[in-house]
Number of protein chains: 2
Amino acid sequence: MTLTRRTLLASSVIPVAAPALAQTNNSMPTPQPSASAQAPGFYRYKVGDIEVTAVNDGFATRPLEGFIRNAELPAVQKAMEEAFLPKDRLPITFTTLVLRQNGRVTLIDTGNGDLGAPTSGTWMANFRAAGFDPAQVNTVVISHFHGDHINGLRLKDGTAVFPKAEIMVPANEWDFWMDETRMNQAPEGMKGAFQNVHRVFDPVAKDVKRYEADKEIVPGLTSIAAPGHTPGHTSYMLSSGAGKLMIMSDVTNHPALFVRNPDWAAVFDMDADQARQTRHRMLDMAAAERAQVAFYHAPFPATGHIAKEGSGYRFVPVQWSSAIL
Amino acid sequence: MTLTRRTLLASSVIPVAAPALAQTNNSMPTPQPSASAQAPGFYRYKVGDIEVTAVNDGFATRPLEGFIRNAELPAVQKAMEEAFLPKDRLPITFTTLVLRQNGRVTLIDTGNGDLGAPTSGTWMANFRAAGFDPAQVNTVVISHFHGDHINGLRLKDGTAVFPKAEIMVPANEWDFWMDETRMNQAPEGMKGAFQNVHRVFDPVAKDVKRYEADKEIVPGLTSIAAPGHTPGHTSYMLSSGAGKLMIMSDVTNHPALFVRNPDWAAVFDMDADQARQTRHRMLDMAAAERAQVAFYHAPFPATGHIAKEGSGYRFVPVQWSSAIL
């Protein structure tokens, strides 16, 4: 069925019936999936020798009205219609990346944890269905400090989800959000975001490693400054052999809106002008190099390529493959 | 990694590590997935009250040279490049549909069984991963008699795969392929196809039910004559409440080539002119009605919409949803 407001509101999210695949106790009964469960939301592909697993954390819907600062609603609805998406609400999906190389597991961003929309929060079931266990994560790399990227680090009750992982964050993102004076002077609508950053990071503040732009922060993964969405928002180039993947993070929100119309500014972009410059620069580079790209908010599995088209671009999803290519 | 000839040839197909989910014997040990298995290739969506499950049967690659009768290789390569696909070989995927309504299970087409390319044959593992068992299939509807659609009915060793299912085939497809005189007079290159039809259907010939066009062959599923690809090639309209799905079968092979360029004729089309007329008629209807469509050879999950674009059309895949919409 086509996504419409009615179906989005009416449908219950069927939790992924993920057998606890990582557990080693074979005497446990095999969990039987609900007869009508969706397939687990993970997708594997290779970048050189690095195995990438896209892991989905469900979705949240957002009214279109007021979502884009500098476009009229009819223009936004037209873009939605061209993408065969609903005309009143945008389903925004969340897809993190898991990198595995030489037995080391690195996450890039963590999803909503147990603090997102009721239609999100499927990340852990999908991560386990892909054969991973949170205790085996060596490194968590964070692109920026919005809740849908960091809340998977720490549950509502305070539990650290990746107990053995080193946590790496952009240095200027840390400096912005951890500044007490700035938090105290922040407008009321921003205070929650500051408090959430403290909730997630305060208990481990002394251990968090801060990285700069243009550094190889784990083998093969180089940070790229991509400010505007937030002050320290970071993209990455993943390289191994001839393989390359541009990891865009939130350079755009949904590609059907912001890849097609790179000048449009979502309300989530803290500095709209800077975000627009970053978006043009990154999309230009991706199109010119015909590079494979990944976007946090592109439809799962959230990877594809960028083609120049008219005054904007088009996101062309990869062809799903049963073989891991 | 982007699909290239090198990666397609180099990659081994990792069999889907599907726990035998349909089995009821909980004392069996839980199968552990290979750490690097792809997610099972099934995807669920709703058409009104009918639950549709797209089940993938892997892929086969085909050299581009000589694949299209009426286009020069550079033009074909350009279309592949625009879709970020390889320039020498086309990865053709296979995706069948499973319909469930009021506890009845209907298949539309069956995949390659154990007679396809080494990169195909994943259908049964995916079907079981989706919670189905072949013994529960009530009806198998066949669109046409090419091996990648019928070979899943019967294994190489003669075993009937869906022992309790009624098998329904297009009457004119049956008449064409089961005609002894035509088989004997067929050119050498066609004899194998005739023999394969006999291999699959002879043991159950008296029980096979033949259906006409424009008939509701199972509740909600109406046959549509779509000749050209084969003489009796059939598409379908699936309807339930306000939900509709145009099931195209092989009205096109890969959408990146034949939805974009509906006048191009693949070597698989037995009557290229008739297939072209059928293709234009069906794509026109899909675009005009903004109907959701499914194609057997579109990239998994093989469902989306058709937009008019220039002298051709564009296939816009659905946004993958963790909720079953």
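User: Which strands form the open sheet in chain B, and in what order?

Analyst: First, the terms: strands are DSSP runs of E with at least two residues, helices are runs of H or I with at least four residues, and both are numbered from the N terminus. Two strands pair if DSSP finds at least two bridges between them. In chain B, seven strands form an open sheet in the order 8-9-10-11-12-13-14, with mixed pairing. Strand 8 (216-218) and strand 14 (312-317) of chain B stand at the edges; each has a single partner strand, so one side of each is left without a neighbour in the sheet. On average, neighbouring strands of this sheet are turned by 35° against each other, direction ignored. Such angles come from axes fitted to C-alpha atoms, for helices over the stretch in contact, and run from 0 to 180 degrees between N-to-C directions.

This is a predicted model, in which local features need pLDDT of at least 70 and side-chain atom pairs count only at pLDDT 80 or more, while totals for chains, interfaces and linings use all residues. Residues are numbered from 1 along each chain as its sequence is written, and chains are lettered from A and ligands numbered from 1 in the order in which they are written.

User: How many bridges join strand 10 to strand 11 of chain B?

Analyst: Five bridges join strand 10 (residues 234-240) to strand 11 (residues 243-247) of chain B, and the two run antiparallel.

User: Which strands does helix 9 of chain B lie across?

Analyst: Contact here means C-beta atoms, placed from the backbone, within 7 Å. Helix 9 (residues 272-289) of chain B lies across strands 10, 11, 12 (292-294), 13 (303-309) and 14 of chain B, running at about 95° to strand 13 of chain B.

User: What should I look for in the hairpin of strand 8 and strand 9 of chain A?

Analyst: Strand 8 (residues 216-218) and strand 9 (residues 221-225) of chain A run antiparallel and are joined by two bridges. A:V218 has A:L221 as its bridge partner. Two residues lie between the strands, and A:G220 takes a positive phi near 90°. Strand 9 of chain A is also joined by five bridges to the antiparallel strand 10 (residues 234-240) of chain A, where A:M237 is the partner of A:T222.

User: Why does B:K46 count as partly exposed?

Analyst: A residue is buried with 20 or more other C-beta atoms within 10 Å of its own, exposed with 12 or fewer, and partly exposed in between. B:K46 has 19 C-beta neighbours inside 10 Å, so B:K46 counts as partly exposed. B:K46 sits in strand 1 (residues 42-47) of chain B.

Technical notes: Two residues are in contact if their C-beta atoms, placed from the backbone, lie within 7 Å.
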